[in-house]
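The following exercises ask the reader to work through a protein model step by step. Each task is followed by a worked solution.

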Amino acid sequence: MKNLRFLAFVLVFASAALNARAGVTVSSPNNNDQVSSSFKLSAWATSCSSQSVSAMGYSFDSSSDTTLINGQSIDESISGPSGQHTLHVKAWGNGTSCVADVQINISSSGSGGSGGSGGSDISVAPSYAKLVNSLETMSGWSAKHDHGGSGSASGSTYMVSSPSVSGSSREFEAGFSDSGDERYSLSFSDDISSENFFYDTWVYVTSSSSNIGNLEFDINQTMSDGKTVMFGIVCDGYNLHWAYTANTGSDSDPSPRHITKSGSYCNPRAWSQYKWHHLEAYYSRDSSGYITYHSVWLDGTETGINEKVFGKYDLGWGPVINTQFQIDGLGSNHATVYLANLNVSRW
C-alpha cells in the first residue's frame, strides 16, 4: 500500500489554488427541472477567480454557439430544443472564465414540472445541488509526476473522439519506471461552503491496465477556515480493496494515508478491458475537516464504506475546488485510461 504524497500536493496546487474557476449562481432553472420550450434563465456572477465579471452567457450541450450578455446577471426567457440537455451558464472576468452546468429536460408539450434522474444510476444529490459536468472537456488539465513516491513517471492528457460515451472522452497517458505515479489535475470552482460531494464518471481501460497498481479519484476543497480537505477514493490494486484517503496526523503536521476498506474488493487489473465502467462515490465533510466516506459504486454495485476520518491540511491555498485523477504504475511500463462524463455535484 502506498502513502499519499503530501509534499507533492503542496507543490503542484499552491499555484493552482490561485487559478480556481467558479462564481456562477443559477437560481432558475434548478438542476433536473423539466421546462417548457421557452423558459426563464436567472443567474448572476459578480466575481470569477477574484476578477470582476464583465459579461455572462449561455450555451447548450457541446454547441460552440454561446449567447453573450454584458453585465453580471442574466434574467430573461430563452428557448431550446426538446429533450435532455446540459445548459452551460458562463461568466468572464479579466482573463478568467467560470461555468455552472444545469441538467434540464425541455418538454415539447410546453409543460413544466419536476425533473428526472440527471443521468446518474444513483439518486444521491438533491435537486438543488450545484452541478458541474463534463469536467473532462475543460481546458486547464495538467499532468505531474508524483515526486513523493518511488520511481519516476511522465504523462499527457488530451481530448479524443473515440472511445466515447457521448461523443468524446479525455485520454490519460502515463509512462513510468519503478512503479512511479502520474497525477492529472483540474481546478474548477472556488466554493468554500459546500459540504457534500457526489463524484460521477465513466472509466475505460485497455490491455495496458495490467500495468496499473492503483486508480485514484480525488476532490480537494479549501474550507471557510482557509484549510484544505482532501477526499480520495482508490481502487487499490496492491491490496485488492477499495481504499479511501485520510490524514492520520494533524493539519499542521500531516500524515496522509490510504486506508483499505476491509471486506471490499477492487483491482483495476481485473476491470473488463475495452469497456466503459461507471464509477460513482459519495462523501461529505464537516466544518472541522472530518470526512465521512459513505459509498462507492462500480457499474451499479455499491460498496458501503461508512467511515469517518480526519482529512484537513494547512496548505495555505486560496479558495479552490480541484479534482485529481491519478494512475499509479506497476513496475516499469505505460498505461492508457480514458474518462468521460466526469460530473461533480455539491451541496
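Predicted model: local features only at pLDDT ≥ 70, side-chain atom pairs only at ≥ 80, totals over all residues.

**Exercise 1. State the volume of the second largest pocket and identify which strands supply its lining.**

Step 1. The volume of the second largest pocket is about 350 Å³. A pocket here is an open set of points on a 1 Å grid over the protein atoms alone where a 1.4 Å probe fits, with protein on both sides within 12 Å along at least five of seven lines. Grid points are joined across faces, edges and corners, and the volume is the space filled by probe spheres set on the points.

Step 2. Its lining consists of 24 residues, and V24, T25, V26, A100 and K130 are those nearest the centre. A lining residue has an atom within 4 Å of a point.

Step 3. At least two lining residues come from each of strand 1 (25-28), strand 10 (97-106), strand 11 and strand 15. Strand 10 provides the largest share, namely four residues. Strands (E, at least two residues) and helices (H or I, at least four) are DSSP runs numbered from the N terminus.

**Exercise 2. Describe the overall make-up of the protein.**

Step 1. The protein has one helix and 26 strands.

Step 2. Of its 347 residues, 56% are buried. Buried means under 20% relative accessible area, exposed over 50%, and partly exposed in between (1.4 Å probe, protein chains only).

Step 3. Among contacts with a separation of 6 or more, 71% are between residues 24 or more positions apart.

**Exercise 3. Trace the aromatic pairs that involve F172.**

Step 1. A search of the whole structure gives 16 aromatic pairs. Rings of Phe, Tyr and Trp (its six-membered ring) pair if their centres lie within 6.5 Å; planes under 30 degrees apart count as stacked, over 60 as edge-to-face and the rest as tilted.

Step 2. W141 and F172 have ring centres 5.6 Å apart and planes at 75°, so they form an edge-to-face pair. W141 belongs to the loop between strand 11 (130-132) and strand 12 (142-145), whereas F172 is in strand 14 (residues 169-177), 31 residues apart. Both W141 and F172 are buried.

Step 3. F172 and F325 are also edge-to-face, because their centres are 4.9 Å apart and their planes stand at 65°. F325 lies in strand 25 (residues 321-329), so its pair with F172 of strand 14 ties together parts 153 residues apart in sequence.

Step 4. Ring pairs join W141, F172, Y184, Y199, F217 and F325 into a cluster.

**Exercise 4. Determine the surroundings of strand 25 and which strands pair with it.**

Step 1. Nine of the nine residues of strand 25 are buried, so the rest of the structure largely encloses this strand.

Step 2. In a regular strand the side chains alternate between the two faces of the sheet. From strand 25, I321, T323, F325, I327 and G329 point one way, and N322, Q324, Q326 and D328 the other.

Step 3. Strand 15 (residues 181-189) pairs with strand 25 in the antiparallel sense over eight bridges; for strands to pair, DSSP must find at least two bridges between them. Here R183 stands opposite Q326.

Step 4. Strand 17 (residues 212-222) also pairs with strand 25 in the antiparallel sense, over nine bridges. I219 has T323 as its bridge partner.

**Exercise 5. Follow strand 19 to the strands that pair with it.**

Step 1. Strand 19 (residues 241-247) has six of its seven residues buried, so it is largely enclosed by the rest of the structure.

Step 2. Strand 18 (residues 228-236) and strand 19 are antiparallel over four bridges, with D236 opposite H241. Four residues lie between the strands of this hairpin, where L240 takes a positive phi near 60°.

Step 3. Strand 20 (residues 256-260) runs antiparallel to strand 19, joined by five bridges. P256 in strand 20 is the bridge partner of N247.

How values were computed: Residues numbered from 1 in each chain as written. Heavy atoms only, no water. Contact = heavy atoms within 4.5 Å.
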